[in-house]
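Thanks, everyone. I have one structure for today, and I'll keep to the geometry.

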Amino acid sequence: MKNLFLFFYNLIEDYYHFRRIKVFLSKNIFLQEPVIFDIGSHKGKMAKIMSDLYQDALIYCFEPNKSMNSSLKKIGNNIKVYNYAVGQKNEEKKIFISKIDLTNTLSNVNKKSTYLKIKNLILSKTKEKASYKKIRVVSLNNFCKSKKIKQIDFLKIDVEGYEHKVLLGAKNIIKNVSFIMLEEQK
């Protein structure tokens with residue numbers, strides 16, 4: 001059931017959701033030598049779109065799941081991969097490792113969530129157990145300061161409900177961000 005769910009999820013994501021994003025960006029957002037941040041990169045689908053659209057881009061990918069690093073690095077020479085999460089401050093935290101890796105989160109898991117109930121129903125037959133793992137978290141302000149980054153042309157944040165904390169850690173740099181793409185969890 002898990003494989004079937006992931007097949008249809010990826011099919012919809014790749015051929016509907018990401019195509020719409022790519023078309024929108026290509027028609028509306030024109031960037032020269034952009035600095036792009038992909039926070040919550042997962043397997044790098046968004047980073048790949050940005051690399052295809054903006055060949056001269058420098059793309060910073062943040063993904064705390066080390067198993068994703070090799071697919072991120074394969075996207076291109078313009079990709080810099082950081083194996084940690086982004087949040088409100090520099091710290092070490094426990095991340096919830098879900099049965100489906102695209103739903104790992106630093107947020108508190110809302111067990112009453114309809115989305116979670118549907119996901120658990122679909123995945124209930126899998127033998128995998130969810131767990132927690134310690135990871136490094138950095139704030140966007142501290143990261144940009146340490147790398148001497150003064151401008152972010154495009155900031156994508158998809159961190160499974162932790163978006164607010166990422167933004168709190170970006171209070172200083174946020175005024176120098178041209179475009180933000182944000183996923184909202186309900």
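A word on provenance. This is a predicted model, where local features need pLDDT of at least 70, side-chain atom pairs count only at pLDDT 80 or more, and totals for chains, interfaces and linings use all residues. Residues are numbered from 1 along each chain as its sequence is written, and side-chain values use heavy atoms, with hydrogens and water left out.

The sheet, then. It is open, with three strands in the order E4-E6-E5 and mixed pairing. Helices (H or I, at least four residues) and strands (E, at least two) are DSSP runs, numbered from the N terminus; two strands pair if DSSP finds at least two bridges between them. E4, residues 85-87, and E5, residues 91-97, are the edge strands with a single partner each, so one side of each has no neighbour in the sheet. On average, neighbouring strands here are turned by 50 degrees against each other, direction ignored. Axes are lines fitted to C-alpha atoms, for helices over the stretch in contact, and angles run from 0 to 180 degrees between N-to-C directions.

E5 pairs with E6, residues 131-139, in the antiparallel sense, over seven bridges. Ile97 has Ser131 in E6 as its bridge partner. Helix H5, residues 140-147, packs on the sheet and touches E4 and E6, its direction making about 55 degrees with that of E6. Contact means heavy atoms within 4.5 Å.

Now the rings. The whole structure has ten aromatic pairs. Rings of Phe, Tyr and Trp (its six-membered ring) pair if their centres lie within 6.5 Å; planes under 30 degrees apart count as stacked, over 60 as edge-to-face, the rest as tilted. Tyr60 and Tyr82 have ring centres 6.2 Å apart and planes at 20 degrees, so that pair is stacked. Tyr60 is in strand E2 and Tyr82 in strand E3, so the pair ties together parts 22 residues apart in sequence. Phe62 and Phe143 are edge-to-face, at 4.9 Å centre to centre and 80 degrees between the planes. Phe62 is in E2 and Phe143 in H5, 81 residues apart.

Last, the backbone. Most residues other than glycine have a negative phi. His42 has a phi near 55 degrees, and Lys148 one of about 60 degrees. Which of the two is buried, and which exposed? Buried means under 20% relative accessible area, exposed over 50%, partly exposed in between (1.4 Å probe, protein chains only). His42, at 18%, counts as buried; Lys148, at 71%, counts as exposed.
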